[in-house]
Amino acid sequence: MSRPAFTKVLIANRGEIALRILRACKSMGLETVVVYSQADRDAAYVALADQALCIGPAPASRSYLDQTALLLAAKASGAGAIHPGFGFLTENAEFAARVEQAGLVFIGPTPDNIRDMGDKISAKRLMIEAGVPCVPGPDHALDADYDSSCATARLIGYPVIIKAAGGGGGKGMRIVAQEAELKGALSLTREEARRAFGASDIYMEKYLAHPRHVEIQVLADGKGQALWLGSRDCSPQRRHQKMLEEAPAIGIAPDVIAEIGARCVAACERLGYRGLGTFEFLMEDGAFFFIEMNTRLQVEHPVTEMVTGLDIVEQQIRVALGEPLTLVQSDITQSGHAFECRINAEDPETFAPSPGVITTWQMPGGPGVRIDSHACAGYRVPPHYDSMIAKLIVHGDTREIALRRLALALDEMVIDGIKTNLPLHRSFVRDPQFITGGVDIHFLESWLKQANGSRDQQHGA
Amino acid sequence: MDLDTIKALIDSMAGSSRPEAECREGAWTLKLTRALPPSATQSQAELSEAAQHGSVKVTSPLYGIVHLQPSPDAPPFVEIGQQVAIGAPLCVIEAMKVFNHVTAERAGTIEAIVIGNGEEVDVGQLLMSIA
C-alpha cells in the first residue's frame, strides 16, 4: 500500500525536539506547522514555523496529549503528516492508527509495530524468534500460581527481576534477591502493573548485577530494507533516566557489535518494521541481552549523527515519504567519537526541578561542538513539562579528544536564573573511571552518593 | 470546517460575553470555551490586611502549578474556616512532574485561600493564610 505524499508536516511536540524536527523539515523544503500550548506561546521556535496553532492550555493532557486537538490542527492547517517527536504520543499505537485513518502520514512505525514492541512480553518473544539474544527467563507472562513462579525463579537463579508487561523505561519493575521475598514482590508488582498500565501481566528475568546499557540504532523503510547505524552507550543513568550518552560504545570487538547489529536488522525485516528504532541491550561480561525496543526517534540520536554524518531525522522523514532506502549497510561508516550531555533545569544536588526565567544563556563553541536547544536568555522554562532544556553534543577524532572538548564546553557554558545540572556534568566528565570508559548502569548513582557524602563532610554535617 | 471559519467563530465569541459556544457543521462539532479568571476566594489586598492581625502567610516554595485537591475527584486538602494541625497538607505544587507538598507550619484556622486550583504560582507567592 503506498502512503500519501506530503509537503507540510505538523510537529506534535514542543521544546528542543520540535525545533530539531523543524530544522530537518526546512532543510528538505517541507512546510512546517508547529502546535503549542498556552505555556509555550512565546517560545522562539514557534515563530520559526510557517504556521503555528495553539492547541490548548498548559497541561499536556489538554494540549500535547490531546489527540482530537492535534488531528483538528492537522486538518485545519492542511498538514499531510504528523511528526510525534519523542515522549507524549510517540509510542501510542491508537494515535498512530487515528492519524492514518484521517488520511495523514504518521512519521514513525506502523501501529502494529508500536503495539508489538509496547507489550514487553510479545517483544521478547518476537526477538527470540528473530535470533536476538534476550535476558534469561521465559517469554511468557507468569502464572497466577505461586509454585510455578517459584520454580521459574529457581530455574533462572536468584537474583531475578519481575517486570510489568506494559512497563518499560524503568517503570513497573522489582528486584528479588531471594526466595523469601518472592511472594510479596509478585503481588506488589502485579498490583502496580494493574494500576499503572491497566494490565496485571508480569514476567520474570535474570537480574544482571553490573551491566552496561548499550543500544543499536536502526532505520528501516517498511519495504523489507533495514540498516543499523552503530551503537551507543547510555550507561550513566539516575533512576533509569539517561544523563550522558556516547557513540560508539567502547571496548566491544567490531565483529561482536556487527553481529548484534545484523541480528537487529534481521528482526526489523522480519517484523516489517518501518522508520527509526532503537534496540536496547544490557551488556555484561561481553554478552548482550535485549531489554526493549523504542519505536521512535530518541533524545540521544545526535551522537549517532555526529559519528555517521547522517541527518537521522531527515532519513526518518524520507522513509515516511515512501522513499526506499538508498543507503546500503556498507555506506554506514563511523568516524571518531561523540558525547551528549542532557542539560536539565534541576538542582544538581537534590534534583529538585527548577523552572523559571533564564537570565544568562552563554553557549560554548569551537570545533566539534553542537547545541540542540530551544532556550535563550529571557526564556521562561515552564513548570508543566520535562526538565530537559538543552543537549550539549561534542565530537572528536578520538574519545580522548571528544572528552577534552566536552569538559571545555561544559566549563564555557553559563546558564543563570535557574538551577541546572551543569555542575554535576562538569565533575562527572572528570571522573577517572568515566574517563577510562565502560562504567555500568549503577555507576552514576554510587558516584552521586559518594559526591554527596564528601560534600556533607566538608560542610561539617 | 476550515481554519478561516474557526477563526471567524473565535473572533465572534471574543466579541461577545458568552462563556461557551458550540456549533455543528456536517460531521464536525466545534466547542469554544472561554478561559475563566481563577476563582480566588479572597483578594491579595484583603489578605495582607488580614495578615496584620497576626495570621501566618503560606507561600509557594517554588515556581509551579497549584493543586488544591489530592486528585481531581477528591475533596480539597483544606477549606476556609477549617482547623489544621502542624504538618497538615495544605496543597501540592507541581513542577516538571514532581509533586511538592506544602504543609502547615503552625496550627490554626484557614483564614483565606488566594489562589485557584491549577494556577501557576511563583516562588514566594502567597497561597493561603492561617489565623
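Predicted model: local features only at pLDDT ≥ 70, side-chain atom pairs only at ≥ 80, totals over all residues.
Start with chain B. It holds 2 helices and 10 strands. Along the sequence, the elements of chain B run α-β-β-α-β-β-β-β-β-β-β-β. The chain has 131 residues, and 35% of them are buried.

Next, turn to where chain B meets chain A. Chain B brings 13 residues to the contact, and chain A brings 18 residues. How much area is buried between chain B and chain A? The figure is about 1400 Å². Carbon and sulfur atoms give 71% of that area. On the chain B side, three residues lose the most area to chain A: B:Leu3, B:Tyr63 and B:Met96. Together they account for 50% of what that side buries.

A:Arg380 and B:Asp122 meet through their side chains in a salt bridge, at 3.2 Å from N to O. Which elements of chain B give two or more residues to the side that touches chain A? They are α1 (3-14), β4 (64-67) and β6 (89-95). By residue type, this side of chain B divides into 8 nonpolar, 1 polar and 4 charged residues.

Now move to the interior. In soluble globular proteins, nonpolar side chains tend to be buried together. The largest nonpolar core in this model has 105 residues. Those with the most contacts inside this core are A:Phe6, A:Leu10, A:Ile82, A:Ile317, A:Ile343, A:Leu406 and A:Ile415. Helix α1 of chain A, residues 15-27, gives the most to the core, with 7 residues.

What does A:Phe6 touch, not counting residues up to four places away in sequence? Its partners are A:Leu30, A:Gly80, A:Ala81, A:Val105, A:Ile107, A:Ile317, A:Ala320 and A:Leu321. One of these partners, A:Ile317, is also listed among the residues with the most contacts in the core.

Another core lies apart from the largest one. This core has 28 residues, among them A:Val132, A:Phe279, A:Phe281 and A:Met293.

Technical notes:
Residues numbered from 1 in each chain as written. Chains lettered and ligands numbered in written order. Heavy atoms only, no water. Contact = heavy atoms within 4.5 Å. Buried area = accessible area lost by both parts, 1.4 Å probe. Salt bridge = Lys/Arg side-chain N within 4 Å of Asp/Glu carboxyl O. Helix = DSSP H or I, 4+ residues; strand = E, 2+ residues; numbered from the N terminus. Nonpolar A, V, L, I, M, F, W, Y, C, P; charged D, E, K, R; others polar. Core = buried A, V, L, I, M, F, W, Y, C linked by side-chain atoms within 4.5 Å. Buried < 20%, exposed > 50% of the residue type's maximum accessible area, 1.4 Å probe, protein only.
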